[in-house]
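Here is a short report on a protein structure. Look at the model first, then read on.

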Amino acid sequence: MTDSPANDEREDLQNAFSRRRFLQTLGAAAAVSAAPAIANANAKTSEAEKITIPPATPLGEVKNFGPGEVDVKLKINGIVRTLRIEPRVTLLDALRDRLDMTGAKKVCDRGGCGACTIIMNGNLMYSCMLLAVECQGAEIETIEGIAPEGEFSTVSSAFAKCDALQCGFCTPGFVMTITHHLRNEKNPTMESVKQSCRGNLCRCGTYNRIFDAALLAATGGAGLPNTTEKK
Amino acid sequence: MTKKNYDREETLKLGFAGNVVEKKVKLADDQAKPWDLDTKFQYAGKHIPRFDGLAKASGRAKYSYDMNFPGMLHARIVRANIPNGKITDIDVSGAEAIPGVKATMLLKKVGDRVRFDGEGVAAVCATNLEIAEDAMRAVVVTYEKMAHAVIVDDASKDGAPIVDKGDTNKSPESVNINPREVSEDEINKRFAAADAKVEATYRTQVQTHSALETHGGVAKWDKDSSGNPTLTVWASTQGSFSVLDGLCGNLKLDRSQVEVICEYMGGGFGAKFGADQPTLVAANLAKKAGAPVKCMLNRKEEHLAGGNRPDSIHHVRAGATDGKIVVFDVTNYGTGGYTGGAGARNIMIYDMGASRKVEYAVKTNCGPATAMRAPGHPQGSFVLEQVVDELAEKLNMDPIEFRLKNDRYPMRKAQYEKAMELIDWSRRNKKGGEGALAGTGPKKRGLGVGASTWGQNGNRDGTAMAVIINADGGVEVRNGCQDIGTGTRTIIGICAAEALGCPLENMKVRLGHTRDPYGPASGGSVTAPTVTAAAKDAGHAAKLAFLDKISKKLSVDAAKLDISLGKVFVKDDPAKSWNWHDACKLLGVETVEVTKERSDNFRANFSGQVGGVQIAEVEVDTETGVVRVIKVVAVHDAGLVIDRLTFESQILGGVIQGMSFALFENRVMDRKSGKMLNNNLESYKIPGSLDMPEIVTVAFDISNGHNSAGVAGLGEPTVIPTAGAIANAIANATGVRVRSLPMTPDKVLAALAAKGGSR
Ligand code: FES
Ligand code: FES
């Protein structure tokens, strides 16, 4: 039994991960603090797989939210928006249902597909796995914020050019993932691009052209996708 | 309508390089010559980014799921949590007492049967989704439980629990013998006498469509100017007009009172026709609550009730003599859930000599099957391609050489040649599991082939296009059909611009509004061949109308004018020309508006089938059983290629979904509880970025002469051959056959172990 934590420790652990505990805790810290433990377990799998681990923040002061609606201030694409919502509302539902920011899509609502991907404090996050109350004070960036009205980001343009989309429902999530990858990877390669979007699913089958689009966006260059036989 | 004169005759050059035929077609006076091998295209056949690519890639495209309105309510459906039983009570009072709940409705009554875990029983709506979920949980339904059966083996046993009605779960057998005059005796004799024989059982799994946008829609009631109710529904659908019909029927409304809108939709793959339950719930609750209602399924509901591809168990006997298939005898059954229906298709590609096909379906307490991309074909092909390969192997023939001997379609021959060259077929292990490609290590490589067919050339069926030309040079084409991600909007625009002669950048296409002219539901790969011909016909009609209008202002006889490459010019004096914008300015305050019905298909044409060939290279880790697809070459034809970019995307999508069917997807039912165990997207596996092979697509151009555009359907044939090709590649790599889908590591290891030893 030397490996297993003592009873009281175990209880603490369980507490730290319970949903109730989430509701009681502050800001984004609780959500990210759980991540390193999980990510570290896989950390030695491969040097090539660079896993971005959000910095661990110790649990701070415990704050209660709810029950019932509370004021929540979210800084989205540089603008602070105040919502009156229950603490159980996810960031995804806050964006889509309360703010009519529908670029992030709801597909699995449990961290399994990446359609709801946003960037928070520089980290790629599934917005369906965050409670909006946790995201107060954070810099939230959604697909609506990556290019000004009437313009298109390089990544979006590359997706359109390479036909890296069919129905397009997974596309905003992939665009956010690739945007994040290209910001953080100085020398993106086919392998790094594939690794970067392993947390996103596409049902129509556009992956190969997403890789092409990412590499095209990285160079800013022209040219058609290399998965095709040129005519 | 005045009767048309079809006296004009034109000769079309059809086929493909090295295989050209001339055919004559009769045309109406106002019809342009159909496109053929001689046509010089300005746009068609090029890589053209889709019209809505930027809207989608910027997150600005609004899907039905994205529609929000002030005061909009959110609905949830209460679902049965038992697989079989009778409802003894439904109590919605607890839900109605929750503040914020605005309306409830029953989808079943007391005494009704529920036949699968997840069947809709009641619905609620509330001011937000969280409250709607509280309300959903507060609805109390009690049941008299009945024994259930959720897999074919359990439901087909004697004395099995009855899934729905009647005294058996089995549907009557259908027996098809081809050619008809062959006796059952002859089938048996042929098998007995064959040089090479295969006798084996193959299984395919239940697959769910798993479109990323779930089923459902948003409904909003208004009043027209005379105070009559009108209904607008934003539906995630493959059939805007079939949703319209369903809503009119359900709510007893005239067509004039209802509009269905579907500008963008997040995938359907066959599961989204007609007014489905969530859409009807949205419309009914919106009426009851007096506010717009959104009702979209969640992922779990989508798996349980959103449709699926039936599984199959094939018992096969097949024989070949002298390099020709002489007999194919198959009994197949599977389950399409509680509604039954589970056929498989596998006798259309090769000449099978004599075939007998016995089929029946077994009902189970599972959600109903719906059409899924090439219904019946991928499962049938997985079986057929392995059988054909096994016969070739026993005859000591190359599997492609053997296929060519049993295939009479000329385009597939050319496609095999192209695919063999692109994958370097000469590398194939001459014997399964042995050769330079297989190597001597634990990871073995192999090559495998599969073929596909389809034959969809669209139809007239009332499809029409409206074309509007404005004085500012802008052109808009309108049709009420939907773009399910295949690129329908784009190919309509390209065909209309091509026929009209206007610059492509001036072309806009509005789809998915049912007040616009009728368009087809997107099933059976019917959309592209239907709408491209319609767009060509309408573009031509708009050109005639436009020239007629401006000819008066130019004082030139309209018959002497033409448009090409964005210029209006005088035919016998081409130097006299006006660019598109200047010509349009002549319209002044007028517009040109033409609505034109699609022309009929032609009888004189090249081939009734489209073809396709896919070759897969796989690597099998004989120690872990993991199969990795390294490369797939996919060569497909579908008549004239309008947009090479979206054409290739269709192939990519077909290959990836085919690979997913081959290696990953599987709906897992728990026999004891009757519940689906993997009703999410992390344990219902579809492939991700790291699973992707290199995929080489070849859009194989054919001029087919079936309709005025010469376009055929492509969506479905691309998904058919992949699983069979991968299975054959596994056999080529390892020397063992995996006859059950998905070909997961456990099955690969079991097959290797059965052969004796893993290396
Ligand atoms: S919706 Fe958030 S990961 Fe699927
Ligand atoms: S484009 Fe349809 S799910 Fe990716």
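## A sheet in chain B

In this predicted model, 3 strands of chain B form an open, antiparallel sheet in the order S24-S25-S26. Strands here are DSSP runs of E with at least two residues, and helices are runs of H or I with at least four, numbered from the N terminus. Two strands pair if DSSP finds at least two bridges between them. The edges are S24 (561–564) and S26 (573–579) of chain B, and each pairs on one side only.

S24(B) pairs with S25(B), residues 567–570, over 4 bridges. B:Leu561 faces B:Val570 in S25(B).

## A buried serine

B:Ser660 sits in helix H15 (residues 644–663) of chain B. Its relative accessible area is 1%, so B:Ser660 is buried (under 20%; exposed is over 50%, partly exposed in between; 1.4 Å probe, protein chains only).

## Two domains in chain A

Chain A is split into domain 1 (70–143) and domain 2 (154–218); the bounds come from an automatic or database domain assignment. Their C-alpha centres are 21 Å apart.

How many salt bridges does the rule find across the interface of domain 1 and domain 2 of chain A? It finds 1. A salt bridge needs a side-chain nitrogen of Lys or Arg within 4 Å of a carboxyl oxygen of Asp or Glu. The side chains of A:Glu141 and A:Arg183 form a salt bridge at 2.7 Å, N to O.

## Reading the numbers

Residues are numbered from 1 along each chain as its sequence is written, while chains are lettered from A and ligands numbered from 1 in the order written. Local features need pLDDT of at least 70, side-chain atom pairs count only at pLDDT 80 or more, and totals for chains, interfaces and linings use all residues, while side-chain values use heavy atoms, leaving out hydrogens and water.
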